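Biologist: Please take a close look at one part of this assembly, the place where two neighbouring copies meet. Go through who contributes what, and how the copies are related.

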Amino acid sequence: MSGKNFGGNYFEDFRVGQVLNHATPRTVTVGDASLYTALYGTRFAVNSSDEFARSIGLERSPVDDLLAFHMVFGKTVPDVSLNAVANLGYANGLFGVPVYPGDTVTTTSTVTGLKQNSNGRTGVVYVNSVGRNQRGEVVLDYTRWVMVNKGDMDAPEPDAVLPELPTAVPAESLVLPDLTLGAYDRALAGSEFGWDDYEIGEQIDHVDGMTIEEAEHQLATRLYQNTAKVHFDQFAANAGRFKRRLIYGGHIISLARALSFNGLANAFKVLAINAGSHANPTFAGDTIYAYSEVLDKFEIPDSSDVGALRLRLVATKDRPAGDFPYKGDDNKYDPSVVLDFDYTVALPR
Amino acid sequence: MSGKNFGGNYFEDFRVGQVLNHATPRTVTVGDASLYTALYGTRFAVNSSDEFARSIGLERSPVDDLLAFHMVFGKTVPDVSLNAVANLGYANGLFGVPVYPGDTVTTTSTVTGLKQNSNGRTGVVYVNSVGRNQRGEVVLDYTRWVMVNKGDMDAPEPDAVLPELPTAVPAESLVLPDLTLGAYDRALAGSEFGWDDYEIGEQIDHVDGMTIEEAEHQLATRLYQNTAKVHFDQFAANAGRFKRRLIYGGHIISLARALSFNGLANAFKVLAINAGSHANPTFAGDTIYAYSEVLDKFEIPDSSDVGALRLRLVATKDRPAGDFPYKGDDNKYDPSVVLDFDYTVALPR
Amino acid sequence: MSGKNFGGNYFEDFRVGQVLNHATPRTVTVGDASLYTALYGTRFAVNSSDEFARSIGLERSPVDDLLAFHMVFGKTVPDVSLNAVANLGYANGLFGVPVYPGDTVTTTSTVTGLKQNSNGRTGVVYVNSVGRNQRGEVVLDYTRWVMVNKGDMDAPEPDAVLPELPTAVPAESLVLPDLTLGAYDRALAGSEFGWDDYEIGEQIDHVDGMTIEEAEHQLATRLYQNTAKVHFDQFAANAGRFKRRLIYGGHIISLARALSFNGLANAFKVLAINAGSHANPTFAGDTIYAYSEVLDKFEIPDSSDVGALRLRLVATKDRPAGDFPYKGDDNKYDPSVVLDFDYTVALPR
């Protein structure tokens, strides 16, 4: 038996301050962008048309911001979450420079928090992950925390360290490329509604539903080189709790974001991920619907022609979202809710 | 409840002469071309090999003409057929300049006909759709007509207007790029048979069958950014007539065209779509077969080394097509027939 | 009925020395590379990152060597194995220059052996297939042999000719591009273990399992323009022996190779295919596991910083491979074994 394979880190293998240089840098290409469109049907003009992207001052169409997110996230899985029980949350996610086809993204993580659970069998690991392009420019910087199994139940409990994380990424931190929005064509973008037209508290049903097939979520998750076995191995799943392959949570985020085009077509750029929770698991055969709620609305410093919306993007399964299901009186998620995603987008004013 | 989402136009929303500037211009890439190959297994050498394309005078491999068709068609769906009951027909479809990877296609439609049905609940809408590249050159110009629901049953019946449409695109309208066919290599192209070898009335069985999976047609239809919900939403379909997701008709056209390589390997370019009917619906699990019949054969003005064939491409489901099923004595389609597609192709002479 | 379609060659159609110029040259693109990643989840850094590839002296990321293999193999199917009963083996497979996105591969085969089976209904055909890029440089040269049906049972039995084939491609034949491995970053590549760390006889469990869906293997096989109908036609399969679509054997090779990253992350280049057997058929729903055994270890002439491992890559279905199942006392494969693949890889020393 060789020790050359790697079974992933267990809770006791992590130390606060530990740096994880993740393997498999990834050149992102137009091939990845095409697959992303095929997987989610996304229609945002900036990511669909080089000409449209150039009309607002970009060099060409950047890939979807969430594709960049998945590429970074995927690389962290072998080192961070191979023995994870659950992906608990996201915070302080800041998108930096756009990722263009041809760019190569490399990801590094730092352990920023640790807390063993009272059952003594698991613990929560906080990691700050940073993806950089070939010039060392940050493309994404975010924190997630996961519940990870202990491998050795007798390993000592570490001192609990919890990182300080903001409720939302503040306006002054947001990064926007140099844009010339004078030529932004709302008809081509698909909606007349700009930043000025949205109000805090407004809810928008995104109407359409999308049923997920096993082949689809597997293709997606492999494209991101995310190796979490729960997404791929039906033989192992047969002996597990759900008897099904679990769909990568990021797949739901991308589906919901693509559906959100119908009502938010001008939300052309994801600026930040403030928080996120996968409220319920999803499986092949589930039909995903989505709605958005405007949580906040603010100007972006030094950007007179772009404004930011902080949105709650909620995805449901097997239930159209026109009545905006969320949480019950007990503060628990409605059973139909599978995603509660708090993020910030840019729209032309 | 927000009014920012869009539920599509109803019959009473259309006016003859109305221009629809469709959203989401689309840069077509080698990623799209690869997916097209993966979805249909097409083998035409001009679209498969940059070297082959250059040998006949093109700058590189253009994408499959039908991929260009789907990209244009997809963009019209949100404005034209989101509330359609059925896609009734195609006519006068003319392919212009080739679409090369990197080209950006933008689509505009004009309403050219309207006729309310006698039931008062639906009507037929004719649209002429034109896709143009970033230089404004036409890549595809075609008319389709769809049966669309009325949203308001009390909306007044418009004057009936029916556009004049040719039975087939005439030879003098066909557009062929500048080609130097002297170096066209029939062995590399896969067949010794050129234009001179085909005869009017000849029928060609394409032999092979291809079974369609849900993931495949969904990937295809999303790649084209076609948003018709009947293709994606199983939850909604459970309450509908078929209880199944309906496969986008264009998926069948592309499958049948790819199968037609076996017998028409040198039909390297689609010049025109003369007519088309989706004779029966198709669903995941169906196995598609195809045959062709030569309807006409003619020279192309100013092209001494290329000739045109007008073909009827018939696709069947769950029935090999070697006995050429078509219509019964009652002039109704055989139940196995799912596509009756009348189009014009170019072959070397 | 037209004679323009092609039903493939039968055993009696082959002659020793016959040259088959296969149709459909193929420009390989980043779109193909993305699909390859999406289909198998491969993570080798050289193929994933242009920057990593450049750091070791390549012009950019070449496509996975097995993608090149599939592209060459696929082209041979219409002429060689459309009427095959079984793909019996591979030998003497030598990879030449890398295939970069944009390269066009054209494939030619020579019949090197023929032997009719004693049943008089089938025979074995040996073909040496060579794929070349647009500069005529060899990218792959290999021999396979297939059992092919006779079409005419009365066709005379040819003289038996069996080509001489080596047990393994010798070290002096191996082709390695000019590399500067001083900057090879093992952390980015995903493992600290180099050539010096492996020992003959060592077995490595690759741990993870991957369940295959119909859509996935169909997409893959069409991407390679492999037209063998057993992979695609469920209607025909219903009347056959297995009642299922058979998965292309090469799909299993690629899955197993991708899984082998976990334990062989620095095996960055496939140099040779020595032998291969598809021990049992695979079908959608099967979960594939894999392990490797080091069969041999040797230096590569004129390459002081790279060494070669000859590996046996074994894939199983619906059985984790941690106990290394292989053959029983009767020398027959364990029923869980689906692939026995003998190949040679390069690792940094």
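Modeller: The contact between chain C and chain B draws 35 residues from chain C and 42 residues from chain B. Two residues count as in contact if their C-beta atoms, placed from the backbone, lie within 7 Å. This is a predicted model: local features need pLDDT of at least 70, side-chain atom pairs count only at pLDDT 80 or more, and totals for chains, interfaces and linings use all residues. Residues are numbered from 1 along each chain as its sequence is written, while chains are lettered from A and ligands numbered from 1 in the order in which they are written.

Take the chain C side. Four elements of chain C each supply at least two residues to the side that touches chain B: β2 (26–27), α1 (30–40), α6 (214–223) and α7 (234–237). Helices (H or I, at least four residues) and strands (E, at least two) are DSSP runs, numbered from the N terminus. The largest share comes from α6(C), with 6 residues. By class, this side of chain C has 11 nonpolar, 15 polar and 9 charged residues. Ala, Val, Leu, Ile, Met, Phe, Trp, Tyr, Cys and Pro count as nonpolar, Asp, Glu, Lys and Arg as charged, and the others, Gly among them, as polar.

Now the contact of chain B with chain A. Chain B gives 36 residues and chain A gives 42 residues. On the chain B side, the elements that give two or more residues are β2 (26–27), α1 (30–40), α6 (214–223) and α7 (234–237) of chain B. Here α6(B) has the largest share, 6 residues. The classes are 12 nonpolar, 15 polar and 9 charged residues.

Copies are superposed by least squares on the C-alpha atoms of residues with pLDDT of at least 70 in both.

Chain B goes onto chain A by a turn of 120 degrees and a shift of 0.0 Å along the axis, with an RMSD of 0.0 Å. Of the contact residues of chain B, 19% recur in chain A, and the copies use different surfaces. For chain C, only 20% of its interface residues are also interface residues in chain B, so the copies meet through different surfaces.
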